Amino acid sequence: MIGGLFIYNHKGEVLISRVYRDDIGRNAVDAFRVNVIHARQQVRSPVTNIARTSFLHVKRSNIWLAAATKQNVNATMVFEFLYKMCDVMAAYFGKISEENVKNNFVLIYELLDEILDFGYPQNSETGALKTFITQQGIKSQASYLISKNQPNVVYCGTHGFLFVFLWSCFVLQHHTKEEQSQITSQVTGQIGWRREGIKYRRNELFLDVLESVNLLMSPQGQVLSAHVSGRVVMKSYLSGMPECKFGMNDKIVIDKQGKGGGSEDVAKSGKQSIAIDDCTFHQCVRLSKFDTERSISFIPPDGDYELMRYRTTKDIILPFRVIPLVREVGRTRLEVKVVIKSNFKSSLLAQKIEVRIPTPLTTSGVQLICMKGKAKYKASENAIVWKVKRMAGMKESQISAEIELLPTNDKKKWARPPISMNFEVPFAPSGLKVRYLKVFEPKLNYSDHDVIKWVRYIGRSGIYETRC
Amino acid sequence: MTDSKYFTTNKKGEIFELKAELNNEKKEKRKEAVKKVIAAMTVGKDVSSLFPDVVNCMQTDNLELKKLVYLYLMNYAKSQPDMAIMAVNSFVKDCEDPNPLIRALAVRTMGCIRVDKITEYLCEPLRKCLKDEDPYVRKTAAVCVAKLHDINAQMVEDQGFLDSLRDLIADSNPMVVANAVAALSEISESHPNSNLLDLNPQNINKLLTALNECTEWGQIFILDCLSNYNPKDEREAQSICERVTPRLSHANSAVVLSAVKVLMKFLELLPKDSDYYNTLLKKLSPPLVTLLSGEPEVQYVALRNINLIVQKRPEILKQEIKVFFVKYNDPIYVKLEKLDIMIRLASQANIAQVLAELKEYATEVDVDFVRKAVRAIGRCAIKVEQSAERCVSTLLDLIQTKVNYVVQEAIVVIRDIFRKYPNKYESIIATLCENLDSLDEPDARAAMIWIVGEYAERIDNADELLESFLEGFHDESTQVQLTLLTAIVKLFLKKPSETQELVQQVLSLATQDSDNPDLRDRGYIYWRLLSTDPVTAKEVVLSEKPLISEETDLIEPTLLDELICHIGSLASVYHKPPSAFVEGSHGVHRKHLPVQHSRSFEWAASLLLVSGPAAAMDQPHVIPSQGDLLGDLLNLDLGPPVNVPQISSMQMGAVDLLGGGLDSLVSLNTHILLLMKAKGLEISGTFSRRQGHMYMDMTFTNKALQHMTDFAVQFNKNSFGMIPTSPLPVHTPLMPSQTIEVSLPINTIGPVMKMDPLNNLQVAVKNNIDVFYFSVLIPLNIFFVEDGKMERQVFLATWKDIPNENELQYQIKECHLNADTVSGKLQGNNIFTIAKRNVEGQDMLYQSLKLTNGIWILAELRIQPGNPNYTLSLKCRAPEVSQYVYQTYDSVLKT
C-alpha cells in the first residue's frame with residue numbers, strides 16, 4: 001500500500017509530508033524532487049520508479065501530489081485516491097495552491113490521518129468528513145474576501161433567473177454522545193456519503209445534463225467518427241435521508257416497458273429513446289439494481305456530485321455542419337470558403353461559436369469577409385479564428401477568405417489540418433431526456449411534489465473537426 | 001491567522017525559542033508552538049530534541065492539539081524509543097475514552113509508533129478495540145493489526161490477533177469487513193503458504209455481500225482479495241462473476257479495473273462455448289473504453305492494462321480501435337501507449353484508417369512519438385500483408401520530408417519490411433541511398449548497410465557506398481561494424497572481381513585492428529570460410545534466410561498470465577512481475593490464472609514458476625537481429641577449419657557438423673529390437689535417422705538349413721505414412737547360419753492411417769519360404785526433423801496460441817544430468833533448445849521439435865538441482881503425440 005504521501009510546490013519544496021511505512025525514508029522525498037520535478041524533460045509517465053521506490057503523482061496547477069511505495073500497489077486506486085484527496089481539500093479550502101496548502105497544513109494532516117490509514121484509503125466523502133473534521137478551511141486572502149461578499153453557489157435555472165444558495169455551515173465542536181455515535185456510524189455505514197439529520201427549509205434539486213459532442217467529418221460531409229460523452233451533475237438540497245430514483249429515455253428501459261405496457265408507450269417515446277454504450281455511476285447508486293433492473297436508485301450526497309457518466313455513439317444530433325471549400329489559385333493564393341449550418345430547432349440559440357480554419361505556414365496575408373460575428377487571422381496560431389456570439393437553429397452563415405502565400409520552392413504540399421469548431425447549445429446532442437427524478441422521504445413530511453426541481457441541458461463541443 | 005507563517009521561521013536559536021514556547025502556560029501559545037514544530041518537521045528540519053516538551057503537551061482535551069502531538073510522535077518515536085514509552089500511558093487511557101473518535105484515534109496512532117519496545121503495552125488496548133461496540137473503532141483496529149504485524153509478526157500471531165481479524169470478516173459492518181480483508185491480504189503476502197484468509201465459499205459469500213455495501217475503497221480491497229480465490233468449479237466461478245459484473249459501472253476506475261481482474265481470471269474457468277462466457281466477454285469492452293475518458297493518469301494505467309488484455313483476449317476490444325486514436329491534447333505517455341495498442345489491434349479490416357492516423361502522427365512535434373509512429377507504420381506493413389505497399393509509399397513520403405530522425409527511423413523499418421517481403425520493394429533502394437549522408441544513428445546506419453549488402457548485386461556503386469563507411473570503421477559502434485563486415489563479405493561473394501581489396505581491408509580491420517571479441521571471431525570465421533572454400537562460403541552466407549515473424553514484442557505467455565492476475569497494480573504498469581521491483585517477502589508469492597481441469601492445475605503452477613525476474617527482464621526483441629544466424633555458428637565451437645567444407649546447408653543440425661551425433665546413434669542402437677523369429681529366419685533391428693533420412697537397420701540371420709532368397713518387405717498403412725523407398729537390399733541368397741546387415745531407407749510419403757498405439761508399424765517380410773508378419777513400435781525420434789528449431793518469437797506466439805487443454809505434463813524420473821548435457825543429448829535427437837533460463841536455481845529449457853508430418857511440439861523442461869526428477873511439459877496442437885514424445889525424452893535422457 002501507499003508508503004508515504006508528499007505535496008510539493010513547483011520548486012520542489014515539500015509542503016506536506018506524511019510517511020506511513022518504514023520503507024519510505026526522507027531520501028524518497030528528495031529522490032522525487034530531483035528526478036521528476038527538477039527533471040529537464042517533460043514528464044514521460046505519471047509512474048516513476050526510482051531506486052526500487054515507485055512514485056505515482058498528479059499535478060494540480062503548480063502543486064505536485066506524490067504517493068510513494070515499495071510494494072506492488074493497486075496503481076489505479078492510488079491515482080483515484082490522489083484525485084479524491086484533491087476533491088476533499090478543494091471542498092475544505094478551495095483551490096489547491098501553494099498558499100492554500102501552507103495555510104491549511106494542520107487541517108491537511110488531520111484529513112490525511114483520517115482518509116489514509118497505514119496507506120489504505122478510508123472513507124473520503126466530504127459530507128461525512130465535515131461532520132467531525134470541523135476546522136474551517138482558510139482560503140487565500142483575496143478569495144476569502146470575495147467569498148464573504150458573494151454567495152458560495154451561484155446557479156442559473158432554466159427559466160433564466162438567478163438562484164442563490166448559501167452554504168450552511170455546521171460547526172460541531174462539542175459533540176454529544178449521541179452525535180458521536182451518529183458520526184461513527186455514518187463514517188463506517190452503508191451510506192458513508194451522507195449524514196443524518198440534514199434539514200432544509202426548502203427542498204431543492206438541480207440537475208444538469210452536460211454533454212460534449214465529438215466529431216470527425218470528411219470534406220464530403222461523411223461522418224468518420226462521432227460520439228457523445230455526457231455527465232449528469234446534481235446539486236441536491238434535500239432534508240433527511242431521501243430515496244431518489246432517476247429515469248431517462250434509455251432504450252433498454254423503454255423497450256422493456258414497451259413490451260410490458262401498451263403499444264401507445266412505444267409510439268410515444270420509443271422513437272426518442274437513446275442507446276447508451278456504457279455508463280458509470282457515483283458510489284451512491286445501487287449498482288446491482290442497475291445491473292438487474294436497469295433502474296437508477298440512490299440516496300444522494302448532500303450538495304454537489306456527479307451522478308453518472310455515459311457515452312453514446314448512435315443517432316447523435318450534430319448541432320453544426322461545416323462545409324469547407326478550399327481552392328488553390330496558382331501557387332501563391334488560396335481561396336477558402338466555409339459555411340456553417342446550425343442543425344437544431346430554430347427556437348434554440350447556440351452560443352460561444354468559434355470556427356478555427358488552419359492556414360499554411362507560408363501565409364503572408366489574409367483578407368476576410370464574414371456574414372456574422374468577427375473573424376481574425378492569428379499568425380501566431382496559423383489559423384483564422386471566426387467568432388459568432390449567438391446563432392439560432394436552422395440558420396447558416398459563411399466566411400470567405402483570400403489567403404496570400406509566400407512563393408516557396410518547397411515541393412511538399414500543405415497537409416491541410418482539419419477545421420475545428422467550438423460551441424455551446426441548450427440541448428443534449430445525444431438525445432438524452434430526463435424522464436423523471438423522484439424523491440421519497442418516508443420519515444419526513446415532504447413528498448415528491450414539494451421538491452423544487454431544476455433541469456437543464458448543455459451540449460458543448462468536444463473535438464469537433466471537419467477535414468478539408 | 002493563517003498557518004503559512006509557520007513555514008517562514010528559520011532564524012537561529014529557533015529550537016531554543018520553540019522549547020520555551022512549548023512550555024508556556026497558555027494553551028493557545030503551546031498549540032501555536034506545536035504547529036511550528038510540525039511545520040519545521042515537514043520541511044525536513046530535525047526537531048527531535050524537542051521530544052519531551054512536545055509529549056508534555058499530549059495531555060489535553062483539545063482534539064486538534066492532541067492530533068498534532070500524535071503526528072509528531074509518529075515521526076520521532078523511532079529515534080527516541082525510551083521517551084516514547086512516556087506516551088504509552090496516554091494511549092492506554094485514550095483507548096478507554098467514552099468518545100469512539102478518541103478511542104479510534106488512539107488505536108490508529110498507537111500502531112504508527114513503530115517502536116518494538118512499546119508494542120507489548122499495546123496488545124491489551126488493541127484486543128479491546130477489536131471487540132469494540134463501535135464499528136469505527138473496529139475498522140481502525142483491524143488496520144492496526146496489520147501495522148503491528150509489520151513491526152512484530154511473531155507477537156501478533158502469539159497474541160491471537162490473526163484469529164480476531166478473521167472473525168471480523170463476518171462483522172456486520174461492511175467497512176470493518178473491508179479493512180479486515182485488506183489487513184489479512186497484506187499479512188498473508190508475507191506468509192505465502194499459510195491459508196490465512198481461509199477463502200472458502202462461506203467467506204466468499206460474506207465478502208460478496210459486503211461488496212455491495214462498503215465504500216469504494218473497501219470494494220477495491222474485497223475485489224483484489226476475491227481475485228486470489230480459486231473457485232472449485234465453473235458454476236461457482238459463474239455465480240461470483242454474476243455478482244461482480246455490476247461493479248463495472250462504478251465511477252471509481254480502480255473498482256472497475258479490479259472487477260475486470262476478477263472477471264479475466266475467472267473467465268479461464270468458464271466453458272468457452274457457453275452463452276455466459278460470451279456475454280461476459282461483451283460486457284468487458286464498454287467499461288474498458290470508458291476508462292479512457294478519465295483523468296490522464298488513470299488513462300495511462302488503463303492503457304497499460306488494456307495492452308495486456310488485448311494480448312490475452314484480443315476479441316474483447318477488436319472492434320474498438322477508434323477509441324485508441326490519439327488526441328492532440330493527450331499527454332505524451334498516453335499517446336505512446338495508445339499507439340502500441342493501435343498496432344496490436346490493426347488488421348486488414350481497419351488498416352486504411354490506422355495508416356491515415358499514423359501518417360498524421362508522423363508530423364507531430366514530440367520526437368519519441370514521431371519515431372514510434374514511423375516504426376508503427378513499418379509494423380503494420382509486416383503485420384498486414386495487404387497494406388505493405390501502402391505503408392512503403394507512406395514511408396517514402398516521410399523520407400522526402402528530410403526530417404532527420406524521421407528518415408533514420410524509416411530506414412530501420414524499411415530494412416525489416418525487406419526481410420519480410422524479399423524481392424518486392426527493392427525499387428526504392430535508390431531513394432534510400434540518397435539519404436546515406438544524413439544517417440548518424442547506429443541503428444539507421446546499420447540498417448542501411450545491411451540493405452546495401454543484401455542487395456549489392458542491384459546497386460551499381462555498392463562498393464563505393466560501403467567503402468565510404470569503412471573509412472571511419474573504428475569510430476563506428478559494434479553493431480555497425482558487424483553489419484559492415486557481413487555486408488562487405490556479401491558484396492564480395494556477389495561481385496568477387498572488383499571487391500577483393502575491400503574485403504581484405506575489412507577482414508584485417510576486424511581481426512587485426514580490433515579487440516572486440518565478437519568482431520574478431522566473426523571476422524575469422526569469414527576469413528577461413530572464404531579461404532577454404534568460397535563456394536561453400538557463398539552457400540553459407542548468401543543462403544536464403546527465414547522470413548521474420550509478424551507478431552512482434554509479445555509478452556511471454558507465462559508472464560502475461562501472471563500479469564493478468566495483477567491487473568490494475570504497478571506490476572501491470574511496469575509489465576514486470578512484482579518480484580522484479582518489490583523487495584523482501586512481499587509479493588514474491590507468484591500468482592497464476594486458474595485452470596479448468598484439476599489435473600493440469602499443477603502444470604499451470606509450474607508454468608508460472610518460469611516467469612521469474614529473469615524472464616521479465618529478458619523480453620523478446622522486436623525482431624531478431626541479423627546476427628543470430630552467425631551467433632548460432634559461433635556457438636558450435638568449431639574445431640579446426642577442416643570440417644567446415646562439410647557444411648552443405650544451414651538447415652543441418654549440429655550433430656552433422658560435429659561429425660558426431662554418435663551419441664544419439666549409439667543410443668538408438670542399444671534398443672535393438674528382436675523383431676521376429678520364425679521358420680529359421682531371425683530379424684532384429686532398429687530405426688535410425690542419419691543425415692535427415694530415416695533408415696530401418698536390420699540384421700537378418702538364417703538359422704534354417706536351407707538358403708533364403710527373394711526377400712521383399714512391405715509396410716502396412718501407418719500413422720506417419722512410412723514406406724520403404726527402395727526394395728529390401730538383400731540381393732544375394734542368404735546361406736544357412738549367415739548373417740547380413742541391411743539398411744532400408746524409409747520416407748514418409750505413403751498412405752496414412754492412424755494406428756493405436758500411434759507409433760505402431762506392421763511389417764511384412766517375404767522370402768522364398770513364407771511371408772512373415774510382425775509389428776514394431778517405432779521410437780518417435782526418427783521422425784524429428786532437422787529443421788525443428790523454432791524462432792524464439794514464433795515459439796512464444798505458438799505457445800500462447802495452443803489452448804491450455806493441450807498442455808500435458810510428465811515426470812522424467814531418476815535422471816542425473818545437468819542442463820547442458822541434457823540439451824546436448826536432446827539436440828542429437830533433433831530436439832532443439834531455444835532458450836535456457838535459470839529461474840530461482842531451476843534450469844528451464846524451452847525446446848521445440850517438428851515431426852515429419854509437420855506437427856510441432858513445444859516443450860518446457862524443468863530441472864531442479866538436487867532433484868533427479870525432471871518435469872516435462874509438452875504443448876502441441878495434436879496432444880495425442882505428446883505421450884510418445886515423452887517416451888522419447890525419457891529414453892534419450894536415460895541412455
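These legends describe close-up views of a predicted model with chains A and B. Local features need pLDDT of at least 70 and side-chain atom pairs pLDDT 80 or more, while totals for chains, interfaces and linings use all residues; side-chain values use heavy atoms, without hydrogens and water. Residues are numbered from 1 along each chain as its sequence is written, and chains are lettered from A in the order in which they are written.

**View 1. The interface of chain A and chain B.** Here 83 residues of chain A are in contact with 97 residues of chain B (contact means heavy atoms within 4.5 Å). The buried area is about 7700 Å², and carbon and sulfur atoms give 55% of it; buried area is the accessible area (1.4 Å probe) that two parts lose on being put together, summed over both.

View 2. Ten salt bridges cross the interface of chain A and chain B (a side-chain nitrogen of Lys or Arg within 4 Å of a carboxyl oxygen of Asp or Glu). One salt bridge joins A:Lys84 and B:Glu216, at 3.1 Å from N to O. Helix H2 (residues 75–93) of chain A gives the most to the side of chain A that touches chain B, with eight residues. Helices (H or I, at least four residues) and strands (E, at least two) are DSSP runs, numbered from the N terminus.

View 3. B:Asp366 and A:Arg44 meet through their side chains in a salt bridge of 3.1 Å, N to O. B:Asp366 is in the loop between helix H19 (351–361) and helix H20 (367–383) of chain B, and A:Arg44 is in the loop between helix H1 (26–37) and strand S3 (47–50) of chain A.

**View 4. An open sheet in chain B.** Five strands stand in the order S9-S13-S12-S11-S10, with antiparallel pairing (two strands pair if DSSP finds at least two bridges between them). Strand S9 (807–812) and strand S10 (832–839) of chain B each have a single partner strand, so one side of each is left without a neighbour in the sheet. S10(B) pairs with strand S11 (residues 842–850) of chain B over seven bridges, in the antiparallel sense. B:Asn838 stands opposite B:Asp843 in S11(B).
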